[in-house]
Amino acid sequence: MPSDPALELRGRLIRSLGALRDMLPGSFVERKRACGRPNCHCADGQNLHAQYQISVLVEGKPKAFNVPARLVEQVRKQVEMRHRFDAAAATICGINLRRFLKEKEDQ
Ligand SMILES: [Zn+2]
């Protein structure tokens with residue numbers, strides 16, 4: 001049976017999804033803020049502290065959760081996994097839609 005490139009791609013994408021199991025929802029946000037201590041380097045309003053958050057919809061409401069410094073790189077990757085998951089799902093759905101439309105035409 002000749003191989004179908006679309007099905008090969010679909011299989012590859014499906015097999016890649018397991019690696020995305022730790023994905024996190026929402027978007028990764030970097031904010032700059034002053035801590036409020038008068039003697040801190042941030043008091044000049046220029047050298048602000050970086051604060052990292054994930055911004056997520058929880059039951060339809062936007063929430064922001066702080067990300068501790070030790071988890072920043074990990075969480076950034078986990079949020080990126082969700083984007084790769086969505087892109088893979090969109091590609092798989094596109095392949096399946098084309099297959100459906102073709103199957104519908106075949107009598
Ligand atoms: Zn400060």
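This is a predicted model: local features need pLDDT of at least 70, side-chain atom pairs count only at pLDDT 80 or more; totals for chains, interfaces and linings use all residues.

Me: What makes strand 2 and strand 3 a pair?

Reply: Pairing takes at least two bridges between two strands. Strand 2 (residues 49–58) and strand 3 are joined over six bridges in the antiparallel sense, so they pass that criterion. Another of these links is leucine 57 with proline 62 in strand 3. The two strands form a hairpin with two residues between them, and in the turn glutamate 59 has a positive phi of about 50 degrees.

Me: How do you know that strand 1 pairs with strand 2?

Reply: By the same criterion of at least two bridges. Seven bridges join strand 1 to strand 2, and the two run antiparallel, so they count as paired. One example is glutamate 30, whose bridge partner in strand 2 is tyrosine 52.

Me: Why are strand 1 and strand 3 called edge strands?

Reply: The sheet is open, with three strands in the order 1-2-3 and antiparallel pairing. Strand 1 (27–33) and strand 3 (61–66) each pair on one side only, and that makes them the edge strands. On average, neighbouring strands of this sheet are turned by 35 degrees against each other, direction ignored. Helix 2 (residues 72–105) lies across strand 1 and strand 2, at about 140 degrees to strand 1.

Me: What makes the link between glutamine 51 and asparagine 66 a polar contact?

Reply: The cut-off for such a pair of N or O atoms is 3.5 Å. The side chains of glutamine 51 and asparagine 66 meet at 3.3 Å, which is within that limit, so the pair qualifies. Glutamine 51 sits in strand 2. Beyond its neighbours within four places in sequence, glutamine 51 also touches Val29, Glu30, Arg31 and Arg33, among others.

Me: Why is the arrangement around the zinc ion called tetrahedral?

Reply: Cys35 (SG), Cys40 (SG), Cys42 (SG) and His49 (NE2) coordinate the zinc ion at 1.9 to 2.3 Å. For four donors, the label requires all angles to lie between 85 and 135 degrees. Here the angles are 103 to 117 degrees, so the arrangement is tetrahedral. Along the chain, the donors follow the spacing C-x4-C-x1-C-x6-H.

Me: How confident is the predictor in the protein chain?

Reply: On a scale from 0 to 100, the protein chain averages a pLDDT of 95, and 98% of the residues score at least 70. Confidence is lowest in strand 1, with a mean of 94, and highest in helix 2, at 97.

Definitions and conventions. Residues are numbered from 1 along each chain as its sequence is written. Side-chain values use heavy atoms; hydrogens and water are left out. Helices (H or I, at least four residues) and strands (E, at least two) are DSSP runs, numbered from the N terminus. Axes are lines fitted to C-alpha atoms, for helices over the stretch in contact, and angles run from 0 to 180 degrees between N-to-C directions. Contact means heavy atoms within 4.5 Å. A polar contact is a pair of N or O atoms within 3.5 Å; within protein, one must be able to donate a hydrogen and the other to accept it, and residues adjacent in sequence count only if both atoms are side-chain atoms. Donors are N, O and S atoms within 2.8 Å of the metal (3.2 Å for Na, K and Ca); water is not among the atoms, so sites may look incomplete. Four donors count as tetrahedral if all angles lie between 85 and 135 degrees; four count as square planar and six as octahedral if opposite donors are over 155 degrees apart and all others between 65 and 115; anything else is irregular.
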